[in-house]
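Have a look at the structure first, then try each task before reading on.

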Amino acid sequence: MTDADVTGLIEHGRDREAAVLGAAPTKGDHMDVLSQLDELGPVLAGVVGGISPADLDRPTPCAGFTVRGVLEHMLGGAAAFAAAFRGEQPPAPGDAAPPDDVLGSFGPALTSLVDAIRSPGALERDVAAPFGEVPGMTFARFVVLDGLVHGWDLATATGQAYEPPDALVAEVTAFATEALPPLRDGETFAEPTTPPASASPIERLAALTGREV
């Protein structure tokens with residue numbers, strides 16, 4: 001894959017295919033997606049474990065979402081994505097009401113998602129992503145990106161330190177830099193913002209996804 005390949009698809013209106021091409025693993029990758037999930041799990045567990053019920057109505061850097069809203073969004077996504085990775089029909093939007101206990105539901109939901117990603121054939125089959133059908137390997141990398149940045153949203157909103165491994169942030173940033181441009185529609189992803197000079201790597205990744213840092 002070359003930059004010209006991706007640019008050509010975009011110029012011909014084939015944005016979704018460009019996203020898949022741009023997101024394809026390159027020879028420079030050092031951490032496979034399953035290892036990325038292994039690194040991400042404890043980071044998210046630590047942040048969610050530090051959230052109290054009193055924090056749930058706090059605003060977050062994810063525009064329009066409270067802490068509860070981000071957790072509900074992640075729980076809904078986990079259920080739909082787990083089904084997709086298993087080759088099953090995802091639940092229709094609105095079929096399942098958000099759980100009352102979003103904090104208690106988080107661990108089991110994310111475990112189910114990771115188990116689905118690790119299930120036989122999951123990374124090889126095409127899966128139905130919110131932005132179109134993509135290879136499972138590619139969508140798993142989007143799952144890591146989504147989880148890593150939403151972890152920053154939650155930590156920032158609740159005043160927690162957020163220090164994901166540098167190698168994980170570097171891998172996800174490299175992926176996001178290639179994968180996001182065709183998806184910047186103002187809803188799926190916003191345009192990148194400019195982080196302050198003192199921004200940490202995870203803050204720079206958050207800015208790359210359109211958040212104000």
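**Exercise 1.** Which residues of strand E1 (residues 126-129) lie on the covered face, and which on the uncovered one?

Solution. Val127 and Ala129 make up the covered face. Asp126 and Ala128 sit on the uncovered one. In general, side chains in a regular strand alternate between the two faces of the sheet. Strands here are DSSP runs of at least two residues (E), helices of at least four (H or I), numbered from the N terminus.

This is a predicted model, where local features need pLDDT of at least 70 and side-chain atom pairs 80 or more, while totals for chains, interfaces and linings use all residues. Residues are numbered from 1 along each chain as its sequence is written, and side-chain values use heavy atoms, without hydrogens and water.

**Exercise 2.** In which sense do E1 and strand E2 (residues 132-135) pair, and over how many bridges?

Solution. Start with the link: a hairpin of 2 residues joins E1 to E2. Next, the pairing is antiparallel, over 4 bridges (strands pair if DSSP finds at least two bridges between them).

**Exercise 3.** Is proline 59 buried or exposed, and what does proline 59 touch?

Solution. First find proline 59 in the loop between H3 and helix H4 (67-85). Its relative accessible area is 65%, so proline 59 is exposed (over 50%; buried is under 20%, partly exposed in between, with a 1.4 Å probe and protein chains only). Leaving out residues up to four places away in sequence, proline 59 touches Phe65, Thr66 and Ala157 (heavy atoms within 4.5 Å).
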